[in-house]
Amino acid sequence: MTDAPLSSIRTSASRPIGDRWRGRYARWLRISDFLALVWVVFGTQIAWFGLGNAQVAISADPRFNVVSYWMFSAALVLCWMWALTLNDSRGHRIVGTGATEYVRVADASFRLFGAIAIVAFLAGIDLARGFLLISLPLGIAVLLLERWLWRQWLLAKRASGEYSARVLLVGSPASVSRIANELARTPSAGYLVVGACVPAGTVGQFVESTGVPVMGDVDAVEAALAATGADTVAITSTDELPADKVKQISWGLEAGRQHLVLAPSITDIAGPRLHTRPVAGLPLIHVETPRFSRGQVLLKRTVDIMLSLVGIIVLSPLLAFLALSVRLTSEGPVLFRQTRIGYRGREFQMLKFRSMVINAEELLAQLQTQQDHGNAVMFKMKNDPRVTPVGRFMRKYSLDELTQLFNVLGGSMSLVGPRPPLPREVAQYADHVHRRFLVRPGITGLWQVSGRSALSWEDTVRLDLSYVENWTLLGDLLILSRTAKAALLPGDTAS
């Protein structure tokens, strides 16, 4: 820990305080949800029935058909709003990051329309199927777009420290430093660290390697909450805390306004693998081992085949142009074939458009001491002299990797997965890194959309293992969408 002027700590603690943003943001979501549903439902009704007073066919006798579609649409909007509320789609713990918010919006919508279909069937009510079949997907699409727009606004606010939970970290200096740095890397999660309480801590210090002010020792939590205006206490470790200290801290929090968060030391574990089970008063956290069912494997392979085949057909003119450019501008073959290690540690030949001179591998030994942003395992050089002019352009926009669509079609690679390593890199792997081979290597992956060449080896491994252990199809689709953006706007991380 390092000393800091008391004035700087008072300045940090004197920032505007408040837990009201949660309720305010939820109200804004509620209003925009309502307006979106009114537009969709009544718009669909007018498009389907016109402006007339169409009646819901409740009975074969027209005298009993007294409910107009205007009344039904109004009831549908109110029930849809109620379903979104019951499914907690506006909860402050899920907005701003992750896919849970979107999943709950879609889930609530499907459940509502399923219930309507069941009631209509049992009661013999003849609802216009076209009206419902248009309203459901259109309503979900508009709701998701509206929520996405709100999320972009919220992320912009959180990037400047607003609309975030103000967090007081409690634990050992090392655990506080680790959690503070992780939260600082992802401001979109909505956790703004405003102070820390550590064993033997004194006011006037900073936690080492962070800008987090120490607000006292672990017995000063209540005073630290008042001084910083924090509304969330995050326990980063319990090894150095007195017995029952966590329970005492929870008792001292104001119900409904202040929150307690436990930050276990396990990282990069997705929600579906975590299960909490209370046993004899102990909240045991079960972490499922990663496993891939036959259904998951089949689903991923099917998507790979379909998308790679479509990609090859659609991009065939570009592929032909790139092949011709490589052939006419430098000596050597159009394609570069390189042995890589893939699924279950098996070797395969990865295809790329040749972007280097033909004796690139022979020159590598001379350049090993000149790499400028690589690491002990992977060789990286920003201005590699072996790269041809056309190759430099292709590499910047990842065009040289388009031929790997044929690897995907053949089954040696996947569209999304860990980076396919060289045999000499695998020889340097620690034992746990071999878990990357549980899935097929990918053309793109978390490593590519999270920094590419700018990543350290440790970060590359962490991202790859996180992908392997927490795979979902939705995650693949999100990575593919981010890859398209990264390829079009590569910045300084491409090489």
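This report describes helix packing, nonpolar cores and selected residues in a predicted model.

Residues are numbered from 1 along each chain as its sequence is written, and side-chain values use heavy atoms, with hydrogens and water left out. Because the model is predicted, local features need pLDDT of at least 70 and side-chain atom pairs count only at pLDDT 80 or more, whereas totals for chains, interfaces and linings use all residues.

## Helix packing around α3

Helices (DSSP runs of H or I, at least four residues) and strands (runs of E, at least two) are numbered from the N terminus. Helix α3 covers residues 69–86 and helix α5 covers residues 129–159; helix α4 covers residues 100–123, and α2 covers 20–49. Axes are lines fitted to C-alpha atoms, for helices over the stretch in contact, and angles run from 0 to 180 degrees between N-to-C directions.

| Helix pair | Angle | Axis separation |
|---|---|---|
| α2 and α3 | about 150° | 10 Å |
| α3 and α4 | about 135° | 9 Å |
| α3 and α5 | about 40° | 13 Å |

Angles under 35 degrees count as roughly parallel, over 145 as roughly antiparallel, 65 to 115 as roughly perpendicular and the rest as oblique. With α2 and α3 at about 150°, α2 is roughly antiparallel to α3. The pair α3 and α4 is oblique, and α3 and α5 are likewise oblique to each other.

A crossing is left-handed if the near helix is turned anticlockwise from the far one by less than a right angle, and right-handed if clockwise. The crossing of α2 with α3 is right-handed, as is that of α3 with α4 and that of α3 with α5.

Contact means heavy atoms within 4.5 Å. For residue classes, Ala, Val, Leu, Ile, Met, Phe, Trp, Tyr, Cys and Pro count as nonpolar, Asp, Glu, Lys and Arg as charged, and the others, Gly among them, as polar.

On the α2 side of the contact with α3 are Arg30, Asp33, Phe34, Leu37, Val38, Val41, Phe42, Gln45, Ile46 and Phe49; these meet Tyr69, Trp70, Ser73, Ala74, Leu76, Val77, Trp80, Met81 and Leu84 of α3. This contact comprises 15 nonpolar, two polar and two charged residues.

Towards α4, helix α3 presents Leu76, Cys79, Trp80, Ala83 and Leu84, which meet Val105, Ala108, Ser109, Leu112, Phe113 and Ile116. Ten residues of the α3 contact with α4 are nonpolar, one is polar and none is charged.

Towards α5, the α3 residues are Tyr69, Phe72, Ser73, Trp80 and Leu84; their partners are Phe131, Leu132, Ser135, Leu136, Gly139, Ile140 and Leu143. Here the classes are nine nonpolar, three polar and no charged residues.

## Nonpolar cores

A nonpolar core is a set of buried Ala, Val, Leu, Ile, Met, Phe, Trp, Tyr and Cys residues joined through side-chain atoms within 4.5 Å. Buried means under 20% relative accessible area, exposed over 50% and partly exposed in between, with a 1.4 Å probe and protein chains only.

The largest core contains 28 residues, and Leu76 and Trp80 have the most contacts inside it. Helices α2, α3, α4 and α5 each supply at least two residues of this core, with α3 giving the most, eight residues. Apart from this core lies another, of 17 residues, among them Ile312, Leu415, Ile443 and Val449.

Not counting residues up to four places away in sequence, Trp80 touches Leu37, Val41, Ser109, Leu112, Phe113, Ser135, Leu136, Gly139, Ile140 and Leu143.

## Selected residues

Ser32 belongs to helix α2 and is buried, at 15% relative accessibility. Residues up to four places away in sequence aside, Ser32 touches Glu146 and Trp150.

Tyr163 lies in the loop between α5 and β2 (165–170) and is buried, with a relative accessible area of 11%. Ser209 occupies the loop between β4 (205–206) and α7 (221–228); with a relative accessible area of 58%, Ser209 is exposed.

Gly391 is part of helix α11 (residues 389–396) and is buried at 0% relative accessible area. Between Gly391 and Phe353 the C-alpha to C-alpha distance is 8.2 Å, and the two are 38 residues apart in sequence.
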